[in-house]
Amino acid sequence: MKDLKSFLSEIDKCVKCGTCRSICPTTRVLGRESACARGKLTLIRAYIEGELEMSDDYTRHVKECAMCGGCRDVCPAGVKTTDVYLAARADLVKVNGLSFLERMVFKNLDSTRLMPSVLRLGARFKGLLFKAASPAEAGTASAIETDTGLISRFSLPLVGGGRLMPTVAKRFFLDLKEVRRLGKRPKKASSNTSETASVKVAFFAGCGVNYLMPHVGTASLKCIERTGAAVSVPKGQVCCGMPAFYTGDVETAERLARKNIEVFEEYGYDFVATSCATCSHGLKTVFKKLFENDDEMRDRAEAFSAKVRDITELLARDLKPVKTVEGISPTAPESGGKEAVKQISVTYHDPCHLNRNQGIKAEPRALLEDAEGVDFKNMKFACSCCGLGGGLSMTNYDLSIAITKRKADGAIASGADVIATACPGCIVQLRDAMQRYGVDKKVVHVVELL
Amino acid sequence: MLSDKNYISLEEIVGKEQVSASKEDLLCYSYDATNTTYLPDAVIFPANALEVSRIVELANLRGFSIIARGAGSGFTGGSLAVSGGVVLSTERMKRVIKIDEENLTATVEPGVITWEFQQDVEALGLFYPPDPTSKKISTIGGNIAECAGGPRAVKYGVTRDYVLGLEVVLPTGEIIKTGTSTMKGVVGYDLTRLMVGSEGTLGIVTGATLRLIPKPESVVTMLAFFPGISEAAAAVADIVAARIMPSTLELIDSFSIKCIEEYDPVRFAGVGALLIVEVDGRPESVKIEAELVNGVCKAAGATNIETATDKRAVKNLWKARRSISPALFKLKPNKINEDVVVPRSKIIELMTGLESIGKERGLIIACFGHAGDGNIHMNIMYDRNDDAEAARASEAVKEAFELTLSLGGTISGEHGVGTTKAEYLEMEIGSVEVALMRRLKECFDPKGIMNPGKIFSNKSAVRVT
């Protein structure tokens, strides 16, 4: 990773036209210039030049950002704003270190034992701090099964009051029997079952799927298997490292990236797939950046990254669903005594890490449009940020959830019953927002509808 | 410097959270789209007209200056604290108070973002035409202060044509109402028109009643390719002379095209000049007008004319057009951005004149803009660190202004005078008129606390960086 000072010329590309204000979700909520890129770049520049100290205000302004990348995308001068922010965040960590909690979490993200144990323990005592959300509160009034989540009883540090927290899964995805089975390392290429399959997909779970939404993982596996591809779930895989990376803890991000690359290298695969937009963005684009100064690791990261696909991209582009190949048509409503396919009205929220960072926008929509029983409609503000990212939901929950208000408005205007998206992080945030703003809509991952 | 006493008084008016003198906030409110920096002494965020009034009253009493600021997207330094003082941001005053569908008017607070307001009214089948290029961020208050225009001005006019009445806080602190909420009104002097375009020097707009019109049913967007700037300029004059009334008639020269080539590299590469033409109205008339435009452009030498069919293409085209101004920095690190206007029949003379000024002085003068109303954005590109080039650029500005005035034009169509054009004011305005304007300013603002250093040249202004 490059030093913050080296970004001075990048910052100087900003001509202060203010176009960044038009898209910035934090500017929309805070109504302050310090929230938008023009302001942040000015502050970071002043800090680099020694005109400004690393004050509390400076730190707050650098962190007051969901890292959605909107400003970078609309900037007519082409300033790579998010790269500058990341360098500024890394600089904050270098100087001030991490908070106690961040340290606790990030240092243990690569442990395949400790993290799960802590989360299991937490799950046991959750009742002290949280109450279960009623189906209405969680917006799960009908058909699709989702976990309802928990609502905090008090205003908790890092959590806030009245916040809908996702439930930690009873059994983690990577512990599921059927998943562990897929983790068997191929002994030799010849004796493996996947030999017969034309395409081999290695699945990367990510923390959201593993700890909170195993059903999204199993649904993803089913979708892949349905295409005839062989799936493996490499054993020993750890967090993608993006939470640490976006907080500025580059060291942890590097460690986790290295570990994941090593684990996956033991498996043969044509694609690495994941159902988390943040993970796919990280695996695909950040890993390379982390090893900019390490030729050997960079080459390995590049080889790995070239195979990474978001699940929506993989299903819509790289793999052909078997059912259409074999010509099995979906049961027509009028044919036979079977119950007519119930149409659910579904809209889609674009995760920034998928849309802005990977340019994947059409793929999930195409999948939904083709999905049986789904009546797809686009929503207003579909690509505006959910507010969770960049650590914002941890460092400034009030701002984070205020940003999500716009999604709730868009969801209401869409008239859809279900909001589909492609990122567990977005799902957590959107569910919380639906509960908070009293919107009776379910939030699910695209793969759950396929 | 703002004394502690004054700072505390400001806190008492708006609350501790809504005023700041932290270095971080001062830096963030020290610039605008001119990309120059002047640190204010404080920034304040009032919630309503009453708070604005109390702030201004205090400033007038204690003798510190107030500089109103919307989104900071101005091109002439209108919102810069050139001699310190308190920047008053309207960012919290962003309510659309009422859209009156029966009378086709709307009442808004100054911090409402132009584009968002347009979305609101268009959802009701109504139309607020003024569309400055920065409309996605600029505020109605800022648009009123600068009398912003935009591409649609050729058919629909500029901000002043849509302001019926205002609520203004005078530099002495009183809240006044100007104009009416009716379509007509001639009682007393027209203070509304005086306020519109006064660049925040005569008062701070805290509310506006705007005129709306029915939204045109359909729009056709055409893109005409020309081998050179003179053919394109001729087409502009011919369209006007042919009594066609396009809703947009935008000219883009080859330097500008170069900067936005990435938006459509295949079609834009090597093009001499482009015209974006839009006609709007009822579908039947739009069709006829589009055909007329087509014929005129061809006769003037267009090599190709495309009609945009899908929304995305139109959106992308406008995105490219809006990006020209900031993207010009790809040519040179600095620019002098002027928005001269000439009678439309003189567009060709202006364009060829500017071309030769550029050639003579060895400068790139990139031109684009609302040619349909004679308003050209000429951008003299230079490097601030190259003294000789900077000097040539500044000579070129003067020469370009002389050319503009000799053609019967004006040195600013929609950006205002601010600080960047203050020294040229008297090239266009006679001494008697300037004296009258100065007397008006003194009459409104006897202590000179409101946006000092703007319009009239003020030698005391010192640029920080």
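Keep in mind that the model is predicted.

I'll start with chain A. The chain is divided into domain 1, residues 4–97, and domain 2, residues 337–449. If you take the C-alpha centres of these two domains of chain A, they lie 27 Å apart. The two domains do touch: 13 residues of domain 1 of chain A are in contact with 15 residues of domain 2 of chain A.

Which elements give two or more residues to the domain 1 side of that contact in chain A? They are helix H2, residues 25–30, and helix H5, residues 70–74, both of chain A. H2(A) provides the largest share of that side, with four residues. As for residue classes, the side of domain 1 of chain A that touches domain 2 has seven nonpolar residues, three polar ones and three charged ones.

Now to chain B. Here we have 16 helices and 18 strands.

Two more numbers on chain B. Of its 465 residues, 52% count as buried. And if we take the contacts in chain B with a separation of 6 or more, 72% of them are between residues 24 or more positions apart.

That is the end of my part.

Key. Residues numbered from 1 in each chain as written. Chains lettered and ligands numbered in written order. Predicted model: local features only at pLDDT ≥ 70, side-chain atom pairs only at ≥ 80, totals over all residues. Domains from an automatic or database assignment. Contact = placed C-beta atoms within 7 Å. Nonpolar A, V, L, I, M, F, W, Y, C, P; charged D, E, K, R; others polar. Buried ≥ 20, exposed ≤ 12 C-beta atoms within 10 Å, placed from the backbone.
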